Amino acid sequence: MILERITVEPKYSDTSLSLALLISGGLWGLYWIPLRELSLAGLDSYWSIFFINACPLLVLSPMALFKINQFKFTDWSTLLSGLTIGLAFTLHAGAILETTVVRATLLFYLSPIWGTIFGTIFLSERFTVRRTIAIIFALFGIFLLLSNKDTSNFTLKIGDFFGFLSGLLFAIGSGLLKRSPRIKIFPLTFFVYAFTSAGALALVFFFVGQTEIPKKTVIDFFPYVFLWSTIIFMPSFMVVFKVSQTLFPGRVAILLMSEIIVAVVTASILLPEERMTLIQWLGALAIVIAGFIEILFSKSTKYISKPM
C-alpha cells in the first residue's frame, strides 16, 4: 500500500475572514440595546454589565471541563490579554450607560491610534508622518465630539473617561494578542468574560454599593439576556479574537469600525434624544478619518491565512 502525503490548504480565505470580522463588528454595534433595556427595567446599570457578561460563563464553565488541556498551557500572555480586553469591555459597557451610545463607541475606536503609539514605544515601530496626521485628526475629533453646541463648552463625564480608557486597554490587549498567535481562543474567551464580570462587580461595589442583584429582574430577563450575550455576542467575540491572530492589524481595525456605523444608525433611530450636533458629527467624522488614514496609507505585508 502506498502512503501519500496530503497537504491541507488553509480552510478560510482572507475574504471570508474579513466578512466574518465585518459582521462581528456590526453585531458589537448592538451591544447597547440589552444594556439600556435592563437599565430601563430597573436593574442598576453596572449590575446589567455583570448580568450580560456572566451568562456566557454558564456555558463556558462546563465546556472548560472538556477543554482542560488547553488551560494547562495558559501563560501570562493569555491572562494579560484576557485581563486587559475584559476590563476594556467592562469600561466600554459602562461608557454606553453613562454617556451617549455614539460618544462611547467613537471614543472606544480610538484604539487603533493608541495601538500605534504603543507599537512605536514598546515594539520599535517607525513613527511616520501618516501616523502623526492620524493622531492629530483623532485628538481634534475628541475635542469636537466632547463639546456641546459650541467648542467653547467642553464638558467631560465619567462615561467619556470610561470610553477613553476602554480604547486604551483594548489596544494593549490586542497588541498582546497579536504578539502571541498561539494563544488558544477558548481559554482566552473564558478569561475575557471572567475578568469582564469581575470588573462589573468592582464598579457595582465602588459606585453603587448595592451588593445584591435584584433576583426578580434576573429571572424575568434571563432568556432575553442569554439570547443576546451567549447566542449573539459570544460567537462574535470569539471570531474577532481568532481573526485578529490571522489578518493584518490594519484590516482588523478598519473592519471592526462597522460597529460605529451600526451603533450610530440604531441609536439615531431608537434613541432620538441622543442625536448629536453638527460640531459633534464633525468630531465623529474626524475620528473615522483618523482610522482610515492609519489603515489605508500603511504598507501591507503578505501573510498566510490560518484555519479558525
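Reply: Start with residue classes: Ala, Val, Leu, Ile, Met, Phe, Trp, Tyr, Cys and Pro count as nonpolar, Asp, Glu, Lys and Arg as charged, and the others, Gly among them, as polar. The model is predicted, so local features need pLDDT of at least 70 and side-chain atom pairs pLDDT 80 or more, while totals for chains, interfaces and linings use all residues. Residues are numbered from 1 along each chain as its sequence is written, and side-chain values use heavy atoms, with hydrogens and water left out.

Me: How do you know which classes line the largest cavity?

Reply: Its lining is Trp 28, Tyr 31, Phe 89, His 92, Phe 237 and Glu 259. Sorted by class, that gives four nonpolar, one polar and one charged.

Me: What makes a space a cavity, and what makes it a pocket?

Reply: Both are found on a 1 Å grid over the protein atoms alone. In a cavity, a 1.4 Å probe fits but cannot get out. A pocket is an open set of points with protein on both sides within 12 Å along at least five of seven lines. Lining residues have an atom within 4 Å of a point. The count comes to one cavity of 30 Å³ or more. The largest cavity holds about 60 Å³. Volume here is the space filled by probe spheres set on the points, which are joined across faces, edges and corners.

Me: What lines the second largest pocket?

Reply: This pocket has a volume of about 240 Å³. It has 14 lining residues, and Met 257, Ile 260, Ile 261, Val 288 and Phe 292 are the closest to its centre. Two or more residues each come from α12 (249-256), α13 (258-270) and α14 (278-296). The largest share, five residues, belongs to α14. By class, the lining has 13 nonpolar, one polar and no charged residues.

Me: Why is α2 called oblique to α3?

Reply: The axes of α2 (residues 32-40) and α3 (residues 45-66) cross at roughly 130° and come within 9 Å. Angles under 35 degrees count as roughly parallel, over 145 as roughly antiparallel, 65 to 115 as roughly perpendicular and the rest as oblique. That makes α2 oblique to α3. Angles run from 0 to 180 degrees between N-to-C directions, with axes fitted to C-alpha atoms, for helices over the stretch in contact. Helices are DSSP runs (H or I, at least four residues), numbered from the N terminus.

Me: Which residues of α2 and α3 meet?

Reply: Pro 34, Leu 35 and Leu 38 of α2 meet Ser 48, Ile 49, Phe 51 and Ile 52 of α3. Contact means heavy atoms within 4.5 Å. The classes are six nonpolar, one polar and no charged.

Me: What makes α5 roughly antiparallel to α6?

Reply: The angle between α5 (residues 76-98) and α6 (residues 101-108) is about 150°, with the axes 7 Å apart. That puts the pair in the roughly antiparallel class. His 92, Ala 95 and Ile 96 of α5 make the contact with Val 101, Ala 104, Thr 105 and Phe 108 of α6.

Me: How do you know how α2 lies against α11?

Reply: α2 and α11 (residues 215-243) pack at about 165°, with their axes 11 Å apart. They are therefore roughly antiparallel. In α2, Ile 33, Pro 34, Glu 37 and Leu 38 meet Phe 221, Tyr 224, Val 225, Trp 228 and Phe 233 of α11. That contact has eight nonpolar, no polar and one charged residue.
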